[in-house]
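I opened the model to go through its helices and a few single residues. The entries below follow the order in which I looked things up.

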Amino acid sequence: MAPVTELTVGQVARRSGVAVSALHFYETRGLIRSHRTSGNQRRYARDVLRRVAVIKIAQEVGISLAEIGEALASLPEGRAPTRDDWSLLSTAWRDGLDHKIAQLKKLRDGLSDCIGCGCMSIDKCPLRNKGDRLAREGTGARRLLVGS
């Protein structure tokens, strides 16, 4: 019995744990590709499973679909990506992920200190910005931003 080289949308959904509607959405966004059979049914190359896995994980860590699309566009068409192809893709995300990790740690630590301090007083809160003194530094929660 010859190995299956193409998958139906249902097979991809079952194997990847992604709803058929999500696969259709990814396809409309250009994140994955299929071709149509003579009976007008979608067929996917097996390497689509790896692309869908990357999409799912990237979304879980907060990478936008636009960024995912840019990264996937750098992968070759017509062949399964090699280890080197995937290495280039992951390297492109490394700095952004490192920044997000640092930001999440600062937020976690700031919230833990605030929630765990027990002061029960906004006057003593280390995150307080009396008189909006931090406004000249920019918008947002200045004390919770990495680099602040």
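Entry 1, terms and source. Helices (H or I, at least four residues) and strands (E, at least two) are DSSP runs, numbered from the N terminus. I call a residue buried under 20% relative accessible area, exposed over 50%, and partly exposed in between, with a 1.4 Å probe and protein chains only. The model is predicted, and local features need pLDDT of at least 70, side-chain atom pairs count only at pLDDT 80 or more, while totals for chains, interfaces and linings use all residues. Residues are numbered from 1 along each chain as its sequence is written, and side-chain values use heavy atoms, with hydrogens and water left out.

I listed five helices and three strands in the protein. Along the sequence they come in the pattern β-α-α-β-β-α-α-α. Of the 148 residues, 26% are buried. I then took the contacts with a separation of 6 or more, and 53% of them join residues 24 or more positions apart.

I looked up which residues of α1 (residues 9–16) are buried, and found Val 9, Val 12, Ala 13 and Ser 16. These residues lie on the same side of α1 because they cover an arc of only 100° around the axis. The arc is taken over the directions from the helix axis to the C-beta atoms. Arg 14 and Arg 15 are exposed, on the face of α1 turned away from its buried side. The cover over the buried residues of α1 includes β1 (6–7), α2 (20–28), β3 (42–45) and α3 (48–60). After α1 comes Gly 17, with a positive phi near 75°.

Ser 16 counts as buried because its relative accessibility is 13%. Its side chain reaches the backbone oxygen of Val 12 at 2.7 Å. I count as a polar contact a pair of N or O atoms within 3.5 Å; within protein, one must be able to donate a hydrogen and the other to accept it, and residues adjacent in sequence count only if both atoms are side-chain atoms. Apart from neighbours within four places in sequence, Ser 16 contacts Leu 49, Val 52 and Lys 56. I also took the C-alpha separation of Ser 16 and Arg 51, which is 9.8 Å for residues 35 apart along the chain.

Just after α2, Gly 30 has a positive phi of about 80°.

Two packed helices are described by the angle between their axes and the distance between the axes. For α3 and α4 (residues 65–73) I noted an angle of about 145° and axes 10 Å apart. Axes are lines fitted to C-alpha atoms, for helices over the stretch in contact, and angles run from 0 to 180 degrees between N-to-C directions. Which residues meet here? On α3 they are Arg 51, Ile 55, Ala 58 and Gln 59, and on α4 Leu 65, Ile 68 and Leu 72. By class, I recorded five nonpolar, one polar and one charged residues in this contact. Ala, Val, Leu, Ile, Met, Phe, Trp, Tyr, Cys and Pro count as nonpolar, Asp, Glu, Lys and Arg as charged, and the others, Gly among them, as polar.

I found Asp 85 in α5 (residues 83–116). Asp 85 counts as buried because its relative accessibility is 15%. Leaving out neighbours within four places in sequence, Asp 85 contacts Leu 75, Pro 76 and Arg 79.

I placed Gln 41 in the loop between β2 (35–36) and β3. At 43% relative accessibility, Gln 41 counts as partly exposed. Not counting residues up to four places away in sequence, Gln 41 touches His 35 and Arg 36.

Key
Contact means heavy atoms within 4.5 Å.
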